[in-house]
Amino acid sequence: MIKRTLKDIQDMVNGHGLATTFEPIMAQGVVIDSRSATVGHLYIPIIGSRVNGHAFVQQAIQAGAVATFWQQDEPDMPTDIPVIQVEDTKKALQQLSVAYKDALNLKVVGITGSNGKTSTKDILASILATAYRVHKTPGNLNSEFGMPLTLLMAPVDAQIAVLEMGMRGLGQIKLLSDMAKPDVSVITCIGEAHIEELGSRENISKAKFEITSGLSQNGLFVYHGDEPLLEKRLAEASPHFNLMTFGDQPHNDYYPTSINVSGTGMTFTLPQSHLTFNLSVLGKHNVMNALAAIAVAKHFDLTFEQIQTGLTQVELSKMRMDITHAKNGLMLIDDTYNSSPTSVRATLDLLYALTGYEKKIVVLGDMLELGEHAVRYHEAIGRTIDPNQIDILLTYGPLSQHTAIQSKVKITRHFDNKLDLAQALITLSSAQDVCLIKGSRGMALEDVIHALGSPDTA
């Protein structure tokens with residue numbers, strides 16, 4: 001992580017006002033939440049819509065922070081602690097992260113997409129770690145605040161940073177890409193996530209394509225080659241960068257010649273290698289994420305043997321296709337981190353492909369941020385679910401009631417209470433069954449999983 005004198009930090013952000021006596025003080029690490037401050041940190045107060053971080057400067061100092069930024073138009077600047085004045089604390093945070101990144105010998109991979117960006121980040125980091133010292137976005141610190149903090153956490157000996165870039169509207173990924181200046185940019189897919197803000201998949205593709213804004217001259221753009229909207233963007237862009245595609249179809253640079261699923265993961269093959277690749281996470285969509293990662297890994301000169309090793313060591317971020325068990329032995333596939341029509345269809349395909357279970361059960365919560373399209377998308381999911389493949393459908397949330405109404409699954413029940421849903425799930429299932437649980441983050445369906453207990457608590 002960043003470790004610099006306060007004088008150096010002031011110079012890196014074109015700040016001013018630091019007392020000469022404080023210049024030699026060493027700061028190590030940066031926080032924007034005073035509750036996270038510990039000894040040695042630099043605290044950067046951010047002005048939000050509801051909270052002004054300047055009100056918590058003394059709290060951060062008392063917790064051990066050695067200095068603070070101060071936005072120069074804010075009143076009551078403290079005079080008894082080390083203060084670096086800046087024009088805008090948010091921009092100063094971003095400027096500091098760029099200056100720190102530029103001082104490191106660091107290659108950057110930027111990843112975005114409607115679905116799969118966190119999983120692709122995790123898969124790629126695991127593969128690259130077989131040959132390089134890798135730093136990756138922790139959790140989903142992928143915003144205009146999270147990405148700078150991620151860069152400032154990079155070890156001084158890191159060789160490649162794998163950065164996740166998220167957005168809620170146009171212009172946000174451009175900001176992140178222009179900051180990070182990636183050597184490789186990746187778009188995993190274009191789905192319906194954020195359609196409430198952007199209005200159409202066309203606008204979503206426009207927003208995601210902004211990841212190429214800061215892409216270095218002759219850099220590499222890796223994208224889903226089966227997505228016409230991205231092909232259209234490229235045709236309009238006259239790109240200065242190199243292209244690499246992945247997808248289902250043979251016209252892509254990387255595509256699977258075979259895919260097999262088991263209860264614990266996936267295996268697949270490629271035309272470029274005689275090897276069989278084992279991915280220790282479930283879902284064909286994760287094979288697509290792996291293909292994107294493989295394209296990037298080959299750009300960095302990894303062998304297929306190294307890629308094979310890296311894939312077996314993947315650990316996805318929590319609540320993304322996690323395998324666990326309820327107290328009655330029911331196998332649970334925990335995909336409760338987020339949900340969209342595209343990702344629901346992908347996980348349903350996974351469940352259809354699983355064999356060896358007496359019953360297949362689906363628990364679906366609301367898919368949020370779909371705006372005026374929400375009811376139509378939930379109804380479509382209900383019609384999509386194959387009643388010959390799924391034995392039980394349980395739904396939770398006002399929007400998911402539309403999914404239940406359209407369902408042809410023989411046992412379909414809707415719930416307004418998570419504990420009631422959990423009790424019904426235990427009653428309807430056994431250790432010979434498998435259950436997928438999926439919903440948007442705001443639905444917090446992990447509460448259902450916690451209510452189900454574990455074999456240890458049975």
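Which backbone oxygen does the side chain of Thr68 reach? In this predicted model, the side chain of Thr68 reaches the backbone oxygen of Tyr43, at 3.2 Å.

Leaving aside residues up to four places away in sequence, Thr68 touches Leu42, Tyr43, Pro45, Val57, Ile81, Pro82, Val83 and Ile84.

Strand 21, residues 434-438, is largely enclosed by the rest of the structure, because 5 of its 5 residues are buried. Val434, Leu436 and Lys438 point one way from the strand, whereas Cys435 and Ile437 point the other way, and the residues of both groups are buried. In a regular strand, the side chains alternate between the two faces of the sheet.

## Salt bridges

Side chains of opposite charge can pair when their charged atoms come close. The count for this model comes to 16 salt bridges, and a few of them are described here.

One of these links Asp447 to Lys418, with the closest N and O atoms 2.8 Å apart. Asp447 lies in helix 16 (residues 446-451) and Lys418 in helix 15 (residues 418-428), so the pair ties together parts that are 29 residues apart in sequence. Asp447 is partly exposed, with a relative accessible area of 36%, whereas Lys418 is buried at 16%.

Salt bridges that share partners also join Lys121, Asp122, Lys136 and Glu164 into one network. Within this group, the side chains of Asp122 and Lys121 meet in a salt bridge at 3.8 Å, N to O, and both Asp122 and Lys121 are buried.

A further salt bridge, between the side chains of Arg233 and Glu236, has an N to O distance of 3.8 Å. Arg233 and Glu236 both lie in helix 9 (residues 228-237), where they are 3 residues apart, about one turn of the helix. Arg233 counts as buried, at 18% relative accessibility, but Glu236 counts as exposed, at 53%. The two residues fall into these classes because buried means under 20% and exposed means over 50% relative accessible area.

## A nonpolar surface patch

Met1, Leu141 and Met153 make a nonpolar surface patch of about 230 Å². Leu141 lies in the loop between strand 8 (134-136) and helix 5 (146-152), and with a relative accessible area of 30% this leucine is partly exposed.

Terms used: Residues numbered from 1 in each chain as written. Predicted model: local features only at pLDDT ≥ 70, side-chain atom pairs only at ≥ 80, totals over all residues. Heavy atoms only, no water. Salt bridge = Lys/Arg side-chain N within 4 Å of Asp/Glu carboxyl O. Buried < 20%, exposed > 50% of the residue type's maximum accessible area, 1.4 Å probe, protein only. Helix = DSSP H or I, 4+ residues; strand = E, 2+ residues; numbered from the N terminus. Patch = residues over 30% accessible without salt bridge, like charges linked within 9 Å, V, L, I, M, F, W, Y side chains within 5 Å. Areas by Shrake-Rupley, 256 points an atom, 1.4 Å probe, with all protein chains shown as cover. Polar contact = N/O pair within 3.5 Å; in protein donor to acceptor, adjacent residues only side chain to side chain. Contact = heavy atoms within 4.5 Å.
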